[in-house]
Amino acid sequence: METIFLDDFTTDGIIIEKDFRKKINEIDWEIYKNKKVLIKGCASAPIPTWAYLIITAKLSHKAKLILY
């Protein structure tokens with residue numbers, strides 16, 4: 001199982017949408033093809049709902065299973 005840690009997307013301890021989207025676009029989503037993926041949201045900062053939605057949208061066409 002692959003894990004995506006939402007802490008990896010923070011800037012100075014918070015998620016800033018512009019920076020978040022830039023980091024998302026830099027990911028090669030093919031590495032998650034046909035794999036189980038856990039989106040780990042136990043971050044040190046509050047995670048907005050839209051962050052989960054964006055990652056899920058990217059994974060939905062690749063991952064076999066998405067867990068939260």
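Guide: A nonpolar surface patch consists of residues with over 30% relative accessible area and no salt bridge, whose nonpolar side chains are joined within 5 Å. In this predicted model, Met1, Leu65 and Leu67 make such a patch, with an area of about 280 Å². Met1 belongs to the segment before E1. Its relative accessibility is 63%, and Met1 therefore counts as exposed.

Tyr68 is located in the segment after E3. With a relative accessible area of 57%, Tyr68 is exposed as well. Once its neighbours within four places in sequence are set aside, the contacts of Tyr68 are Leu38, Ile39, Tyr52 and Thr56. With Thr56 there is also a side-chain polar contact, at 2.7 Å. Thr56 itself is among the buried residues of helix H2, so an exposed residue, at over 50% relative accessible area, is here joined to a buried one, at under 20%.

Helix H2 spans residues 49-59, and its buried residues are Ala51, Ile54, Ile55, Thr56 and Leu59. What lies over them? The cover includes strands E1 (2-5), E2 (36-40) and E3 (65-67), together with helix H1 (17-25).

In soluble globular proteins, nonpolar side chains tend to be buried together. The largest nonpolar core in the model has 16 residues, and those that touch the most other members are Ile4, Phe9, Phe20, Ile24, Trp29, Ile55 and Leu59. H1, E2 and H2 are the elements that each give two or more residues to this core. H2 makes the greatest contribution, namely four residues. Leu59 shows how such a residue is surrounded: beyond four places in sequence, Leu59 touches Ile4, Trp29, Tyr32, Val37, Ile39 and Ile66.

Side chains of opposite charge can pair when their charged atoms come close. The model contains three salt bridges. In one of them, Lys62 pairs with Glu30, and the closest N and O atoms are 2.4 Å apart. Lys62 is in the loop between H2 and E3, whereas Glu30 is in the loop between H1 and E2, so this pair ties together parts that are 32 residues apart in sequence. Lys62 is partly exposed, at a relative accessible area of 23%, and Glu30 likewise counts as partly exposed, at 39%.

Another of these pairs joins Glu2 to Lys35 through their side chains, at 3.5 Å from N to O. Glu2 is part of strand E1 and Lys35 of the loop between H1 and E2, so the bridge ties together parts that are 33 residues apart in sequence. Both residues are partly exposed: Glu2 has a relative accessibility of 29%, and Lys35 has a relative accessible area of 34%.

Glu17 is partly exposed at 38%, and Arg21 is partly exposed at 40%.

The loop between E1 and H1 may be considered next. Thr11 is located there, and its side chain makes a polar contact of 3.2 Å with that of Asp19. Apart from residues up to four places away in sequence, Thr11 touches Ile16, Asp19 and Lys23. Asp12 is in this loop too; at 80% relative accessibility, it counts as exposed.

Most residues other than glycine have a negative phi. Asp12, however, has a positive phi, near 55 degrees. Asn34, in the loop between H1 and E2, also has a positive phi, near 60 degrees. Asn34 is exposed, with a relative accessible area of 56%.

Between the C-alpha atoms of Asp12 and Tyr68 the separation is 24 Å, and the two residues are 56 residues apart along the chain.

Technical notes: Residues numbered from 1 in each chain as written. Predicted model: local features only at pLDDT ≥ 70, side-chain atom pairs only at ≥ 80, totals over all residues. Heavy atoms only, no water. Buried < 20%, exposed > 50% of the residue type's maximum accessible area, 1.4 Å probe, protein only. Contact = heavy atoms within 4.5 Å. Core = buried A, V, L, I, M, F, W, Y, C linked by side-chain atoms within 4.5 Å. Patch = residues over 30% accessible without salt bridge, like charges linked within 9 Å, V, L, I, M, F, W, Y side chains within 5 Å. Areas by Shrake-Rupley, 256 points an atom, 1.4 Å probe, with all protein chains shown as cover. Salt bridge = Lys/Arg side-chain N within 4 Å of Asp/Glu carboxyl O. Polar contact = N/O pair within 3.5 Å; in protein donor to acceptor, adjacent residues only side chain to side chain.
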